[in-house]
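Let's take a quick tour of this chain, from its overall layout down to what sits inside. Have a look at the picture first, then read on.

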Amino acid sequence: MKIIMSTYDVEGVKQSLLEKVAGSDSPRDVLKAPEIRELYGVIGSLPAEERGAFGKQVNEVKLAVEAAIEARENELESADVVAIDVTAPWDVNSAQPALLPTEQGTQHPLTTELENVVDIFTRMGFEAVESRQIDDDHHMFGALNFPEDHPARDGYDTFRTEEGFIPPAHTSTMQHRILKDGKAKLEAGGQIAAISYGRVFRNEDVDATHEHTFYQCEGVFVSEDATLGQMLGTLRSFFETYYGQELRVKTQPAYFPFVEPGLEFAIEKPAAIGGKPGEWLEMLGCGMIHPNVLKDAGIDPTKYRGFAWGGGVERLVMLKYGIEDLRHFESGKLAFLRKFAS
Ligand code: PHE
């Protein structure tokens, strides 16, 4: 059969191919359509003098189909994106929606108070390091003189990841690092004086005085002649500065494997905020660093002595502002947060 070029409807084939592309979810498949193969077949069957011109037309069809495929692919890709109405009126002076104007946003009260705490200790000469939010068994227990399988480990209601990592249950996990880092300074005749602050986590039932996530601040001091008296002076000085008034303080014995002796430090609730004489508030745990903890960090306990303390930050802030429920801090409630807007 001899096909006469003028009788072959190239334009019609092109239109039908473009329609197929436009309606297809996989437009590239149209390149394999029988019409295309047919067009190439036709070239071969034409008389030699017509082939060049016809081939050119076929090539144009192919280019048009390819361009349409690309356009269709782009269209499919952006199908999920809502198109911007570029014809909508645009008023640069229009008001913002009444959500949260940036000038009303405030720093979280815990951040502000933590900055206060860190400031006071740095003015006293302590270096400040943020604590880790993921740690290991060694820093949580081993390096802190908790014997294997000791029941004191259970007292910390520790979360664990499947891999065995620990979101620290107290900032004491930083003690070993602070001691190791400060060893050279100590041996060069200096002292170790550092605080560590940050988030800690405990698997506890949440109520007005217990949270699974809270903040602690920890202090570590080591020198050749550190004493318990120095520690009590340091803590009293901190609390009096933080609350801006003189305070009565007391201690009572407590057990923590990483200090010996171990103490609980309490302040008398000031009358100015409704405290009655003899109303003691336990603020933190403290004591002289256990020789095993120093030894573990490579510090000779026969030459050096230290003290450490650690306690919750929320408790400090609650007392300062008369906040009755610990859960407010992590609640994200604007009514609560706005009370601290300055
Ligand atoms: N890490 C202890 C706790 O969270 C507190 C503490 C710190 C006690 C340092 C003694 C020394 O309960």
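The chain splits into domain 1 (5–80) and domain 2 (107–340), with the bounds coming from an automatic or database domain assignment. What you're looking at is a predicted model, where local features need pLDDT of at least 70, side-chain atom pairs count only at pLDDT 80 or more, and totals for chains, interfaces and linings use all residues. Residues are numbered from 1 along each chain as its sequence is written.

**Overall layout**
- The centres of domain 1 and domain 2, taken over C-alpha atoms, are 76 Å apart.
- Along the principal axes, the C-alpha atoms of the chain fill a box of roughly 115 × 50 × 40 Å.
- You'll find 11 helices and seven strands here (DSSP runs: H or I of at least four residues for helices, E of at least two for strands, numbered from the N terminus).

**What's inside**
- Buried residues make up 27% of the 342 in the chain; buried means that 20 or more other C-beta atoms, placed from the backbone, lie within 10 Å of the residue's own.

Notes:
Buried ≥ 20, exposed ≤ 12 C-beta atoms within 10 Å, placed from the backbone.
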